[in-house]
Amino acid sequence: MKSSLVAQAVILAALALLPAAGEAIYFRDKISWRSAIAPSEMVTVEQAREFGSTAIWVDARPDEDFAKDHVRGAILLNEDRWNELLPQFLAAWAPGKKTVVYCSSLSCNASREVARRLRKEAQLSDVFVLEGGWEAWLKKK
Amino acid sequence: MAEEEMNKTPNTERQTSKVERLEPSTLGVGRSALDVKRFLWRILDFALAGIFIYAGALKAIDPVQFASDIDNYKLLPWPLSVAIAFYLPWLEIFCALGLVFRFLYRGALSILTASIVVFTLATIAAKVRGLDITCGCFGHASQHWSFPAHLLTNLAILAALVVLSFKATSRNRLQNAV
């Protein structure tokens, strides 16, 4: 192929567009282009409180943060010690329960990751991420 | 007659025959040495292609996770992270196939080099900013890799790509010159 380096790169870039577009169509219901968390998977502090006794609070922050303070009754489940902590969460979980996962603030990702893994690996439904995390909880305490 | 034969022969083969004419006594040795060298270069092509096909496939299977990994860098707006999550894995796979089949070879090398440079810089930037994140380079498979492991892997891949790029460029120049 005698075409120039730039032409070759452009051809490859164009070729990759085709399957990418196909995949974007295939996954259109599984990912939102507007927000990292689908609106249906996010709850505000007020909405989470309305769950009442059906809610299980999951603290996805590091152990030290959990030890300092946490939502009353929250279960520690972070990615650092996932395998170790998951059994105690599963012991507390029951069908019909709604899981609310939080991390430190709006910008943290731990709650999103833990919620994703609970859905994917533990096959749980009704798993929500608390909007604003621990900071939002403190403000509205 | 000989000139006619030369015109029919591709550039690379013509180059070889020059070598043969220059060193007739070591013809057998020279050719086998060349073959071994060529074989080793191809092994490097295949090794890199394997890495990028593996990395691309892992990310293409789970674009939702990859979008999340890109978003963790806090460098791009979410819609762009999603677009890259759909696009980049396929670009890596196509470029890797380019290395395997030597199709659009130099273009493939340049794209892969650019992508690994960007990944490496983004990983360093994330570390400097104190973000404890997975690079997403190998999907969730690289989730528990340490920062030095990420960096060393990326730098090793980058070094191999740069070497292949130089080789491809010099061969291209040689072909154009002959």
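Trainee: What is the area buried between chain A and chain B?

Mentor: This is a predicted model, in which local features need pLDDT of at least 70, side-chain atom pairs count only at pLDDT 80 or more, and totals for chains, interfaces and linings use all residues. Residues are numbered from 1 along each chain as its sequence is written, chains are lettered from A and ligands numbered from 1 in the order in which they are written, and side-chain values use heavy atoms, with hydrogens and water left out. Buried area is the accessible area (1.4 Å probe) that two parts lose on being put together, summed over both. Carbon and sulfur atoms give 63% of the area buried between chain A and chain B, which is about 2800 Å².

Trainee: Which three residues supply more than any other three of the area that chain A buries against chain B?

Mentor: The contact (heavy atoms within 4.5 Å) takes 31 residues from chain B and 33 residues from chain A. Of the area that chain A buries against chain B, 23% is supplied by A:L12, A:I31 and A:W33.

Trainee: Which residue forms a salt bridge with A:K120?

Mentor: A salt bridge is a side-chain nitrogen of Lys or Arg within 4 Å of a carboxyl oxygen of Asp or Glu, and the count between chain A and chain B is two. With the closest N and O atoms 2.7 Å apart, the partner of A:K120 is B:D62.

Trainee: Is B:S68 buried or exposed?

Mentor: B:S68 lies in helix 4 of chain B and, not counting residues up to four places away in sequence, touches A:R112, A:E113 and B:W78. Because its relative accessible area is 6%, B:S68 is buried.

Technical notes
Helix = DSSP H or I, 4+ residues; strand = E, 2+ residues; numbered from the N terminus. Buried < 20%, exposed > 50% of the residue type's maximum accessible area, 1.4 Å probe, protein only.
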